[in-house]
Amino acid sequence: MDLPRGYWRVRRRIKYFEGVDAGHPMAEALRELAPPDSEMSAEARERMMDRLLFVQRSVTPGKGKRGAPKWRYALVPAAALVLITALVLLILFPGGQKSAPQRRHARLAELDGYIEVLKPGGSWHRVKKDERLEVGCVIRSGPRSYVSVALPEGSFMRLTDGSEARIKSLGARSVAVEHIEGSTYHRVRKGTGYTVIDGDVSLRALGTAFNVENRVPKQLEIVTIENAVEVEVGSHEPIKVSQGEVMVVAMTGEKKAEKQPVSRERLEEERLYTSAKKDAEAGNPTGIYQQLDVPMDQNAQKGSEPTSPQSKLVISLGAVASETGVSLNWGVSGEGDYDELSLLRSETSAPSFPDNEIARYSDVSMTSATDNSLLQEHTYQYQLVAINGSSRVAYSNTVVVTVPKPQPKPESASVSLNARVSGGGVLLEWSVTGAGRFDGFMVERVVEKAPPGSATPPGTSSVKRIASSDVLYSYQDNYVAPGHSYSYRVGLLVEGSVMIYSKTATIEVPAK
Amino acid sequence: MTDGRIEKREERKREFVVIPGKSEPEEALVQEAITSPEALEELCDLYVPRIYNFVLKRVGKVQDAEDVTSTVFEKVLLNLGSFDGRKASFSTWIFRITINTVTDYYRGRARRRETSLEDSGFEVLLEGDSGVERLGSYLAVLDLLAGLPPKYQEALSLRYFGGLKVLEVAEVLGISETAASKRILRGLEELRRIASTGALDGLL
């Protein structure tokens, strides 16, 4: 047999190194616990292939298409004939025009790269600038491509690369768009009822600018650039996402959402930044970009801080603001030497070294600090710098925090609870409003009615603690029995004890 | 003369990709997949099962694994033009893309790791009490793994979830075999250390 060159040498090396972890209990546990191999579902595989073939067409226009049957070329003269006939009929019977309903269209105002549209009842086709889109059209952008869609009432939507959206309705004063994939930036005209839908999450805006993105699997991110957006998840109460806030909704079975100030890094991320820049160029206010003094000049704002090219250090900085100050915590990972950490803080613009240095730590094992010299209702930006000798080797992310006013009275907090039967269990959904900081929830369940002889007679109670600071939460209780009736209430935990309870929700699980 | 030297040098470079028992796709197929739908499907047939199972074991959720796998293959397709079979084997290259994509996945979810049993999607394992217990332990191990420095996470997952030989782990991570074996052993020790302080102590 013709063996490749070096075969035996490689085989000897493999044999030697393969034995290094033999008999290690953790190696055996990892192998034993890992689930057996399985196949990707046919549906997911088909979705993936469809996407890949689209990308293939995008990057090699004209080459990657499956062979179009030659008879299709005969459609061109046929279509021309139909058009001429229609024109003749219109000239002969002009009254027909009066009865035609007025239809609104969106228009592709600006595009670059490879953009495809799927019209209702049609198939995907490549589009050009100024093409009109009717209700029901799906538009998608290929890699390194983008498209701006001018909506008929004056709003616009911008799709960045690898994104997909469907136009659901176009009214004189209302627009509905379905966000399917990637990231879409929306500038809403004042007075328009503008809705973006993704699964069972819907966003409503009035006179605002915001970005919707789902590039992280099963996670939907909403960043409000200007004014505010109301986000409704399932049957939860709507949550307001104000200018400069980011809300992340976990799109899994158990819905969870988290809201916090948007970081400067997120605002400077290329896709979002470019969309906001285009928006600003159209003469629109830039909201949070202006508030944080983020320059709308791509060249000036990127890479202005020098770091050592050899450094592979990653510094993750987090911050929590309370009425008494800001608690900072950080972690340093990766490879690289540093002997000091410098903490930067600024109020109006991005922190810069050394002007905004407020502390320097030579004990590099430190991972937290508290800043108490702050003013309430002021916004601060923090950044950490690793220093080796006299050179800066790595920068952390920038965190933006606003010191709150004294907390509202506890009585103003409320928990709104919904319960319904779902998938053989009970789905509880609740949202928290008016609460400052909290640590989690206490779900209490009491059996109200039970068939005779039940293992869980009426009065049986159980509790479940959930550690979370999410403002909305879903919990599926699968440990319920058919024919039983349960009452639930959810308590808001602050420092380990219940601050306030929701109203009780009672629900009956049908007998089988 | 000059041509002969170049040929020898290229052979030496290629030596590390000759892994006994492993087959590599034809370079022609890889290049063809840039433009040909049929070649792309063939390439996916060859690699989707291996990558999907690696990702599934690494992220612990069926839906997320499907999404991450799809992202991996999209990145592969977009960068096929820059793939150079003389620098690395296709397997090495695709695993390198995969671990970077998984790292991005965890970075994006760093603030919200969820490992509820209902969500994991390992339906096969959920049959019977021992299946639930095993799945619970496995998800707990994934949580522990996520707490290790990235270099150990990568080495351990390639070795035990990807089923790669130490030599292949070394190639994917761009380090020597000695360094790879040390990294695996240190990762295992670190994992054992943090597991010993928690509920998994008895099991591990």
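Trainee: How many helices and strands are there in chain A?
Mentor: Chain A has nine helices and 34 strands. Please keep in mind that this is a predicted model.

Trainee: What share of chain A counts as buried?
Mentor: Of its 512 residues, 30% count as buried.

Trainee: And what about contacts between residues 24 or more positions apart?
Mentor: In chain A, such pairs make up 57% of the contacts with a separation of 6 or more.

Trainee: Which residues touch the most other members of the largest nonpolar core?
Mentor: They are A:Ile222, A:Val231, A:Met247 and A:Ala386, in a core of 90 residues. Strand S24 of chain A, residues 379-388, supplies the largest share of this core, with six residues.

Trainee: Turning to confidence, what is the mean pLDDT of chain B?
Mentor: The mean is 75, and 69% of the residues of chain B reach 70 or more.

Trainee: Where in chain B is the pLDDT below 50?
Mentor: One such stretch is residues 1-21, which has 20 contacts in the model beyond near neighbours in sequence. Residues 111-129 of chain B are also below 50, with 39 such contacts. Where pLDDT is low, the predicted coordinates should not be read in detail.

Trainee: What ipTM and pTM does the predictor give the complex?
Mentor: The ipTM is 0.81 and the pTM is 0.53.

Terms used
Residues are numbered from 1 along each chain as its sequence is written. Chains are lettered from A and ligands numbered from 1 in the order in which they are written. This is a predicted model: local features need pLDDT of at least 70, side-chain atom pairs count only at pLDDT 80 or more; totals for chains, interfaces and linings use all residues. Helices (H or I, at least four residues) and strands (E, at least two) are DSSP runs, numbered from the N terminus. A residue is buried if 20 or more other C-beta atoms lie within 10 Å of its own, exposed if 12 or fewer, and partly exposed in between; C-beta atoms are placed from the backbone. Two residues are in contact if their C-beta atoms, placed from the backbone, lie within 7 Å. A nonpolar core is a set of buried Ala, Val, Leu, Ile, Met, Phe, Trp, Tyr and Cys residues joined through C-beta atoms within 7 Å. pLDDT is the predictor's confidence in each residue, from 0 to 100.
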